[in-house]
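I opened this model to see how the chain is put together. My notes follow in the order I looked things up.

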Amino acid sequence: MNFEEALAVFVGRHVEVQQTNQFIQGTLASSSGGILAVDTVSNNYIPTAQRVNISTNSVALVRILPL
């Protein structure tokens, strides 16, 4: 099992993704092809909700939030 396959189990859950230069919160939409797709929520840093695609190579940490 690789990193993408491990995260695919958590599709639909709220996550926090940390990269060296940014922090993203939202719902994990997909994990495949070297890309994590996260549906973000509106906050001070991202004024509108949107889908963010993140390269798995640039991910430092993924935190799966409790239900």
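These entries go from confidence and overall dimensions to the sheet and then the core.

**Confidence.** I am working with a predicted model, so I checked pLDDT before anything else. The chain has a mean of 92. I found that 100% of its residues reach 70 or more. By element, confidence is lowest in helix 1, residues 3–8, with a mean of 93. Strand 5 has the highest value, 96.

**Overall dimensions.** I compared the radius of gyration with the globule rule. For 67 residues, a compact globule would have a value near 11 Å, and the chain has 11 Å, so the two agree. I then took the extent of the C-alpha trace along its principal axes, which is about 35 × 25 × 20 Å. Burial came next: 31% of the 67 residues count as buried. I also looked at contacts between residues at least 6 apart in sequence. Of these, 37% join residues at least 24 apart.

**Elements.** I counted 1 helix and 5 strands. Along the sequence they follow the pattern α-β-β-β-β-β.

I then looked at how strand 5 is attached. Strand 1, residues 14–19, runs antiparallel to strand 5, and 5 bridges join them. Within strand 1's stretch I picked out V17, which stands opposite V62 in strand 5.

**Core.** Which residues make up the largest nonpolar core? I listed 10: L7, V15, V17, I24, L28, L36, V38, V52, I54 and V59. Next I asked which strands supply at least two residues each. They are strand 1, strand 2 (23–32), strand 3 (35–40) and strand 4. L7 is also a member of this core, and its number falls within helix 1, residues 3–8.

**V38.** V38 is in contact with V15, V17, I24, Q25, G26, T27, L28, A29, Q50, R51, V52 and I54.

Technical notes:
Residues numbered from 1 in each chain as written. Predicted model: local features only at pLDDT ≥ 70, side-chain atom pairs only at ≥ 80, totals over all residues. Heavy atoms only, no water. Pairing = 2+ DSSP bridges. Helix = DSSP H or I, 4+ residues; strand = E, 2+ residues; numbered from the N terminus. Core = buried A, V, L, I, M, F, W, Y, C linked by side-chain atoms within 4.5 Å. Buried < 20%, exposed > 50% of the residue type's maximum accessible area, 1.4 Å probe, protein only. Contact = heavy atoms within 4.5 Å. pLDDT = per-residue confidence, 0-100. Rg over C-alpha atoms; globule rule 2.2 N^0.38 Å. Lists of a residue's contacts leave out its neighbours within four places in sequence.
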